[in-house]
Amino acid sequence: MNTDLQQQIVRNLPQLTSLQLAEVLNFVEFLRFRQHIVQPMPDMIDTLCGKYEHRLSSSTAFARQKQEEIRREDEKWQRI
C-alpha cells in the first residue's frame, strides 16, 4: 500500500467537517465493497471459456459473419 498517500489522506482528515468525514467513510466502504464484486474469479473465467470454447469465434470470423448479414440485408432491400 502507498504509505505516502495514506499519510496525505490522514493529514487532511482533521480539516473536514463531520458531514464530509461521513462521506469519506461512505466512499471508503463503497470502494472496499466494490473491490470484492469487480475482481473476476480466474478459475470461473477458465471454466466458462473451456465450456463454451467450441461456441466462441474469432474476431475475423465474427467480422465475416457480419459482412454476410449486411450483404443479405442489402439484397433484401434491393428486391423491395
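1. A cut-off to start with: a residue is called buried under 20% relative accessible area, exposed over 50%, and partly exposed in between. Phe27 has a relative accessible area of 47%, so this residue counts as partly exposed. Please keep in mind that we are looking at a predicted model.

2. Where does Phe27 sit? Its place is in helix 2 (residues 18–38). Together with Phe30 and Leu31, Phe27 makes up a nonpolar patch on the surface, and the accessible area of the three together is about 270 Å².

3. A word on confidence. The chain has an average pLDDT of 84, and 76% of the residues score at least 70. Helix 1 (residues 3–12) has the highest confidence, at 93, while helix 3 (residues 42–51) has the lowest, at a mean of 70.

4. On to the charged side chains: the whole structure holds 4 salt bridges. One of them joins Lys66 to Glu69, with the closest N and O atoms 3.2 Å apart. These two residues are 3 apart in helix 4 (residues 59–79), so about one helical turn separates them. Glu69 is partly exposed at 36% relative accessibility, and Lys66 is partly exposed at 35%.

5. Within it, Arg71 and Glu75 meet at 2.4 Å, N to O, and they lie 4 residues apart in helix 4. Arg72 pairs with Glu68 at 3.8 Å between the closest N and O atoms, again about one helical turn away. Relative accessibility is 38% for Arg71, 45% for Arg72, 29% for Glu68 and 35% for Glu75.

How values were computed: Residues are numbered from 1 along each chain as its sequence is written. This is a predicted model: local features need pLDDT of at least 70, side-chain atom pairs count only at pLDDT 80 or more; totals for chains, interfaces and linings use all residues. Side-chain values use heavy atoms; hydrogens and water are left out. pLDDT is the predictor's confidence in each residue, from 0 to 100. Patches are made of residues with over 30% relative accessible area and no salt bridge: like charges are joined within 9 Å, nonpolar side chains (Val, Leu, Ile, Met, Phe, Trp, Tyr) within 5 Å. Accessible areas come from the Shrake-Rupley method with a 1.4 Å probe; for residues, only the protein chains shown count as cover. Buried means under 20% relative accessible area, exposed over 50%, partly exposed in between (1.4 Å probe, protein chains only).
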